[in-house]
Amino acid sequence: MTHITHHALSRAMERIPGLRTEDEARSLLAGPVFDIAADFAGLAECFVRIASGHRIVVRDHAIVTVLAGNTNVKFLRERD
């Protein structure tokens with residue numbers, strides 16, 4: 001199971017409508033697709049778009065944050 005940071009849980013509750021508790025956020029962010037993304041990314045970073053349009057950021061085998069669907073991922077990668 002992929003580690004989910006407290007920051008990611010907070011951002012999920014803040015940005016995804018309908019999520020009110022950490023348990024709801026954790027159940028949304030837990031699943032095989034995120035485990036596969038974490039294995040694929042390894043120590044790098046990847047983005048997983050979910051049905052709501054939000055992007056889940058997976059880095060260093062952990063879910064680290066939740067981005068709004070309109071976030072320019074290309075810009076985020078260029079600034080690093």
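**Entry 1: strand pairing.** I began with S2 and S3, which pair in the antiparallel sense over 5 bridges; two strands count as paired if DSSP finds at least two bridges between them, and strands (E, at least two residues) and helices (H or I, at least four) are DSSP runs numbered from the N terminus. This is a predicted model, in which local features need pLDDT of at least 70 and side-chain atom pairs count only at pLDDT 80 or more, while totals for chains, interfaces and linings use all residues. Residues are numbered from 1 along each chain as its sequence is written, and side-chain values use heavy atoms, with hydrogens and water left out.

The hairpin of S2 and S3 has 5 residues between the strands, and Gly53 there takes a positive phi near 95°. On its other pairing, S3 is joined to S4 by 5 bridges, and these two strands also run antiparallel. The hairpin of S3 and S4 has 2 residues between the strands, and in its turn Asp60 has a positive phi of about 50°. I noted that Arg59 stands opposite Glu45 and has Ala62 as its bridge partner in S4.

Entry 2: Is S3 enclosed or open? I found that 4 of its 5 residues are buried, so the strand is largely enclosed by the rest of the structure; buried means under 20% relative accessible area, exposed over 50%, and partly exposed in between (1.4 Å probe, protein chains only).

Arg55 is buried yet has no salt bridge, and the nearest side chain of opposite charge, Glu45, is 10 Å away. A salt bridge here is a side-chain nitrogen of Lys or Arg within 4 Å of a carboxyl oxygen of Asp or Glu. What the side chain of Arg55 does reach is the backbone oxygen of Thr71, at 2.9 Å, and one of its polar atoms lies 3.1 Å from the backbone oxygen of Gly69.

**Entry 3: salt bridges.** How many salt bridges does a search of the whole structure find? The search finds 3. The side chains of Glu45 and Arg59 meet in one of them (2.4 Å, N to O), and this pair links distant parts of the chain, with Glu45 in strand S2 and Arg59 in strand S3, 14 residues apart. Glu45 counts as partly exposed at 24% relative accessibility, and Arg59 is partly exposed as well, at 35%.

Glu14 meets Arg11 (3.1 Å, N to O) and also Arg15 (3.7 Å, N to O), and Arg11, Glu14 and Arg15 are linked in a network of salt bridges. Glu14 and Arg11 both lie in helix H1, 3 residues apart, about one turn of the helix. I recorded Glu14 as exposed because its relative accessibility is 52%, whereas Arg15 is partly exposed at 30%.

**Entry 4: the nonpolar core.** Last, I looked up the largest nonpolar core, which has 19 residues, and those with the most contacts inside it are Ala12, Leu29, Ile56, Val58 and Ile63. Such a core is a set of buried Ala, Val, Leu, Ile, Met, Phe, Trp, Tyr and Cys residues joined through side-chain atoms within 4.5 Å. The largest share of this core, 4 residues, comes from H3.

Technical notes. Lys and Arg count as positive and Asp and Glu as negative; His and the chain ends are not counted. A polar contact is a pair of N or O atoms within 3.5 Å; within protein, one must be able to donate a hydrogen and the other to accept it, and residues adjacent in sequence count only if both atoms are side-chain atoms.
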